[in-house]
Amino acid sequence: MSEPSKIVKTIASIIFPPTMVFGIYVILHGHLTPGGGFQGGAVVASAITLLLVAFGTAEIARRLKESHLSVIESIGALGFISLALLGLTATFFYNFLAGSGFIFGRIPPFGSNPGDMNTAGTLPLMNISVGLKVIAGLFAVVLVLAFVARSKGGGKR
Amino acid sequence: MIQNLPYIAVALLIIIGLYATIFKKNLIKIIMGITILESGVNLFLITLGYRKGAVAPIYTNLPEGTKVPQSLTFPVPQALTLTSIVIGVAVLALMLAIAVQIYRKYRTLDVTKIRRLRG
Amino acid sequence: MIQHLPALIIALPLLTAFLMPLIGRISPTFRKLFAFIMIFLVAIIGILLVHEVHSKGIILYTFGAPQPGETTPSSLKIPVRIIFEIDGLGAFMVIVSIILAFTAMFYALPYFKEERGLDRFYALLFLLLAGILGMELTGDMFNFFVFLEIASISASALIAFCIDRSETLEAGIKYLAISSIGALFFLLSVGLLYGEYDALNMAMLAKSISNTFIDKMALILILGALLMKAGIAPMHMWLPDAYAEASPPVTLCVIAATQASMYGLLRMIFTIFHPSIDIAFLPALIIALSLITIGIGATMTLIQNRLTRAIAFAGVAEMGYILLGVGTAMYAGIKGYGEVALEGAIFHVLNDAIDMGLLFLVAGSVYLATRELDMNNLGGLARRMRFTAITFLIALLASSGMPPMNGFASKLLIYESTYALNPILSIIAILASILMLAIFVRIFYSVFLGPELPNLRDARDPPVLMLIPMLILSILIIFLGIFPSYAIDKLVDPAVRSLIDAKGYVSAVIGGG
């Protein structure tokens with residue numbers, strides 16, 4: 001595989017920050033606007049994949065190990081399940097934070113308004129954990145498949 | 001007629017997907033067939049939730065004068081579609097991973113040549 | 001805590017699956033211990049849950065509601081949340097899956113010694129268990145689809161786990177392709193039903209389904225999907241590949257997934273669609289498919305050289321027997337001999353699971369001792385592997401339906417009811433069973449009897465830890481064979497009654513009669 005041109009690299013470095021910010025925005029505002037953990041996570045993972053395409057696998061693999069990704073993925077999934085288990089005072093997945101006044105615990109105002117981040121109870125927390133899992137999971141998939149493609153190109157001839 | 005167009009597209013997608021999975025010999029094309037089939041089903045689900053002139057069901061951000069249950073699109077089919085997309089990603093990733101390994105072993109993706117398991 | 005059992009039985013395997021990559025970093029021994037403790041806990045929760053269902057009737061669990069039993073929110077009159085509904089049949093299937101998963105885990109701990117990525121293997125195994133249990137407990141159509149997909153993704157990853165051998169890859173991708181196409185058909189019919197009735201809840205759907213064209217189409221699609229997943233001819237070809245190529249613990253869990261699809265079939269036909277849908281050719285079609293499956297299974301067993309493949313084709317035939325019972329019950333309605341047929345079919349789900357499980361564990365032991373599965377290269381193992389030989393003898397008698405074993409009891413119920421429907425059917429079924437016995441005796445002879453082969457002199461029984469699961473299953477086979485009425489009274493009858501009482505299933509959720 002030939003080295004990507006300077007144009008690709010420059011555009012990738014310009015586009016990377018806004019894509020990341022947009023992905024994180026989609027994750028954090030999952031309870032207010034369309035989107036959520038999976039969608040935002042996919043955006044973030046695609047931003048990292050852009051780096052993978054522009055700067056090559058070796059550079060990325062040096063900084064990000066696949067085992068680290070699987071730990072992040074586990075942490076995300078565990079967060080999700082533990083939040084669900086914490087609801088067991090009532091039922092599994094019970095939204096125990098909503099309307100409690102604690103973190104994300106405000107009751108949303110009625111009627112048309114720009115939206116309050118500090119509402120919806122466990123939903124934003126779950127979005128964040130799903131987002132973590134999706135970022136790590138999707139990127140691990142891309143990374144592994146990219147490695148395979150590279151080693152195949154080397155071994156085939 | 002025009003409101004039935006999505007359903008025709010659904011039928012076409014499903015038929016194309018099934019055709020590709022059954023008749024194509026290349027493993028990657030079979031995987032593509034399954035993905036097309038899945039898009040057909042997803043399109044069907046999302047079409048179920050369509051209402052003419054309705055807006056997205058974000059309760060706090062409605063335009064002035066929206067009638068609350070009547071002129072919102074139906075969120076449940078969208079949630080279903082989203083779940084099905086997530087599952088589809090997982091299936092696709094796993095199938096591609098196995099396909100890559102199969103290519104490494106057999107040096108081909110032609111399913112007629114991969115058949116070691118017969119009878 | 002007792003009212004949270006339905007949630008815990010899903011949450012615990014999921015939690016374990018996600019903890020595995022972290023636990024595996026500590027030490028491999030701790031990972032094994034953790035896996036064992038967790039499967040033990042899941043088994044205890046399952047038994048408690050079954051006990052609850054048998055003593056209190058249908059258990060409901062509404063996710064995210066203020067109270068587990070609050071199925072319909074006070075402001076609405078329809079169930080909108082995801083509901084788990086566990087009746088006699090669900091409890092029965094929980095027992096079946098837990099027996100299989102428990103023995104599989106027991107067997108897996110010593111079976112895999114130094115392979116890489118074992119934490120992922122255990123994670124997938126627990127994920128598969130969560131998917132199977134979810135399929136059996138859920139009362140929501142879309143949720144059933146999700147658990148179906150969880151089960152099939154993790155199962156195919158497990159089947160393809162040993163990527164050094166190319167056959168496992170082939171079996172894995174076949175399984176994944178078939179089950180994802182099946183699941184998409186299922187999703188399509190869920191969409192059809194949702195578009196028509198605005199409901200995803202099984203009880204709500206069972207109440208509102210009438211005999212329209214769309215309902216019939218949805219039923220056909222669902223049946224197609226679940227028959228594919230249950231390994232019924234003409235879509236049986238994935239089953240022998242998957243069973244034969246996966247490692248034995250995985251095979252046991254895949255058997256559990258297949259039986260869960262059979263459960264889905266029973267639930268969809270008898271609880272949701274049966275009272276109101278009238279498709280004249282359907283029972284006959286089901287019976288015809290089951291006979292073809294039995295025929296293909298029995299004849300293909302005959303020509304196999306590989307031990308696991310022969311057992312797997314016998315497994316295809318066993319699924320055919322279950323479906324024969326289901327088809328007879330559909331034909332006759334659940335009364336009179338139809339009820340007997342259903343009893344036989346449901347009892348045979350348990351028996352098939354145990355018999356096939358034991359056969360595959362024995363095949364795994366043979367492979368571990370000799371590194372060989374080709375029956376032409378095996379022989380005279382009975383002298384060196386006494387225990388394995390005896391358990392294989394028990395399992396072969398059971399799965400070919402011979403009197404002192406459990407397979408006889410359930411097959412007798414099936415023969416009896418099909419004889420009432422049409423004697424020819426039961427004659428075909430009995431003949432196939434006798435053929436299977438002959439084949440299995442030949443397999444037993446060529447693997448365990450005959451002259452001792454020089455290169456197999458150092459074959460030994462597997463370590464004690466692996467003998468325990470085989471012993472558990474053998475004892476179960478003999479116990480269920482000698483006292484079948486015990487199992488029928490305690491487990492099968494509640495399951496059959498819950499299928500007969502489809503109205504009770506509906507009214508538990510929606511209320512009213």
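# A tour of chain C and its neighbours

Start with two helices: select helix 13 (residues 337–370) and helix 18 (residues 464–482) of chain C, whose axes come within 10 Å and cross at roughly 145°. Axes here are lines fitted to C-alpha atoms, for helices over the stretch in contact, and angles run from 0 to 180 degrees between N-to-C directions. Helices (H or I, at least four residues) and strands (E, at least two) are DSSP runs, numbered from the N terminus.

A word on the model before moving on. It is predicted: local features need pLDDT of at least 70, side-chain atom pairs count only at pLDDT 80 or more, and totals for chains, interfaces and linings use all residues. Residues are numbered from 1 along each chain as its sequence is written, while chains are lettered from A and ligands numbered from 1 in the order in which they are written.

**The helix pair up close**

Stay on helix 13 and helix 18 of chain C. Their crossing is left-handed (the near helix is turned anticlockwise from the far one by less than a right angle; clockwise would be right-handed). Now show the residues where they meet. On helix 13, pick out C:Asn351, C:Ile354, C:Asp355, C:Gly357, C:Leu358, C:Leu361, C:Val362 and C:Ser365. Two residues are in contact if their C-beta atoms, placed from the backbone, lie within 7 Å. Colour this contact by class: 11 residues are nonpolar, four polar and one charged. Ala, Val, Leu, Ile, Met, Phe, Trp, Tyr, Cys and Pro count as nonpolar, Asp, Glu, Lys and Arg as charged, and the others, Gly among them, as polar.

**The whole of chain C**

Zoom out to chain C. Its secondary structure comes to 20 helices and two strands. The radius of gyration is 22 Å, close to the 24 Å that the globule rule gives for 513 residues, so chain C is as compact as a globular protein of that length. That radius is taken over C-alpha atoms, and the rule is 2.2 Å times the number of residues to the power 0.38. Along the principal axes, the C-alpha atoms fill a box of roughly 75 × 60 × 40 Å. Buried residues make up 64% of the 513 residues. A residue is buried if 20 or more other C-beta atoms lie within 10 Å of its own, exposed if 12 or fewer, and partly exposed in between, with C-beta atoms placed from the backbone.

Select C:Pro234, in the loop between helix 8 (213–229) and helix 9 (238–245) of chain C. A cis peptide bond joins C:Ala233 to C:Pro234, with omega about 5°.

Next, go to C:Asp198, between helix 6 (166–197) and helix 7 (202–208) of chain C. Its phi is positive, about 60°, although it is not a glycine. C:Asp198 is partly exposed, with 13 other C-beta atoms within 10 Å.

Then find C:Arg371, in the loop between helix 13 and helix 14 (381–384) of chain C. Phi is near 55°, again positive in a residue other than glycine. C:Arg371 is exposed, with 9 other C-beta atoms within 10 Å.

**Out to the neighbours**

Show chains B and C together. The contact takes 27 residues from chain B and 28 residues from chain C. On the chain B side, helix 3 gives the most, with 14 residues. By class, that side has 19 nonpolar, five polar and three charged residues.

Finish with chain A. Here 16 residues of chain C are in contact with 15 residues of chain A. Helix 1 (residues 5–26) of chain C gives the most to the chain C side, with eight residues. That side divides into 12 nonpolar, four polar and no charged residues.
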